[in-house]
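This note is for a colleague opening the model below. The points take up accessibility, the core, salt bridges and the pocket in turn.

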Amino acid sequence: MGIGLVIRDHRANFLAACRQGFDRITEPEITEAIAFRHAVYFVSALPYDKVIVASDSLNVVQKIKSANKDRSETGVLVEDIKHAARAIAFSFIHVSRNCN
């Protein structure tokens, strides 16, 4: 499995992109959580102060937005995302699969 990130401005103009493959990860939700974490760290190194991260993974979006501690198999990733996202004004939103 792998992830791909595309960064666009508020007018949908392309700004940056990256991709990364992963060996031996077969769980889609874990891959989505890794993609979120990668996006947060990637964007944190760029000069943006407001960021919207969109994904078709409703479950991961809900976990990140939840005030509760996630105790699922993605919990460590979710908590890391929440911690890393404190540095910038991040918004996490769900979009349909054909939008991302």
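1. Accessibility terms come before the rest. A residue is called buried under 20% relative accessible area, exposed over 50%, and partly exposed in between, with a 1.4 Å probe and protein chains only. The model is predicted, so local features need pLDDT of at least 70 and side-chain atom pairs count only at pLDDT 80 or more, while totals for chains, interfaces and linings use all residues. Residues are numbered from 1 along each chain as its sequence is written, and side-chain values use heavy atoms, with hydrogens and water left out.

2. Ile93 lies in strand β4; helices (H or I, at least four residues) and strands (E, at least two) are DSSP runs numbered from the N terminus. With a relative accessibility of 34%, Ile93 is partly exposed. Beyond its neighbours within four places in sequence, Ile93 is in contact (heavy atoms within 4.5 Å) with Ile52, Val53, Ala54, Ser55 and Val61. From Ile93 to Val40 the C-alpha to C-alpha distance is 13 Å, and the two are 53 residues apart in sequence.

3. Which residues touch the most other members of the largest nonpolar core? They are Phe36, Val40, Val53, Ile64, Phe90 and Phe92, in a core of 26 residues. At least two residues of this core come from each of β1 (2-8), β2 (14-21), α1 (28-44), β3 (50-55), α2 (58-65), α3 (75-84) and β4 (89-94). Helix α1 gives the most, seven residues. A nonpolar core here is a set of buried Ala, Val, Leu, Ile, Met, Phe, Trp, Tyr and Cys residues joined through side-chain atoms within 4.5 Å. In soluble globular proteins, nonpolar side chains tend to be buried together.

4. Leaving aside neighbours within four places in sequence, Phe92 is in contact with Phe36, Val40, Val53, Val61, Ile64, Lys65, Ile81 and Ala85.

5. Thr31 belongs to helix α1. Is Thr31 buried or exposed? Thr31 is buried, at 7% relative accessibility. Apart from neighbours within four places in sequence, its contacts are Met1, Gly2, Ile3 and Ile25. Thr31 and Ile3 are 28 residues apart in sequence, with their C-alpha atoms 7.3 Å apart in space.

6. How many salt bridges does the structure hold? There are four, a salt bridge being a side-chain nitrogen of Lys or Arg within 4 Å of a carboxyl oxygen of Asp or Glu. One of them joins the side chains of Arg37 and Asp80 at 3.7 Å, N to O.

7. Another salt bridge pairs the side chains of Lys63 and Asp70 at 3.9 Å, N to O. Lys63 is buried, with 15% relative accessibility, and Asp70 is buried, with 13%. Salt bridges also link Glu29, Lys63 and Asp70 in a network.

8. The side chains of Glu79 and Lys82 form a salt bridge at 3.6 Å, N to O. These two are three residues apart in helix α3, which means that about one helical turn separates them. Glu79 is partly exposed at 24% relative accessible area, whereas Lys82 is buried at 16%.

9. The largest pocket has a volume of about 990 Å³. On a 1 Å grid over the protein atoms alone, a pocket is an open set of points where a 1.4 Å probe fits, with protein on both sides within 12 Å along at least five of seven lines; lining residues have an atom within 4 Å of a point. Grid points are joined across faces, edges and corners, and the volume is the space filled by probe spheres set on them.

10. The lining of this pocket comprises 31 residues, and those closest to the centre are Val6, Ile7, Ile52, Val53 and Ala54. β1, α1 and β3 each supply at least two residues of the lining. By class, the lining has 19 nonpolar, six polar and six charged residues. Here Ala, Val, Leu, Ile, Met, Phe, Trp, Tyr, Cys and Pro count as nonpolar, Asp, Glu, Lys and Arg as charged, and the others, Gly among them, as polar.
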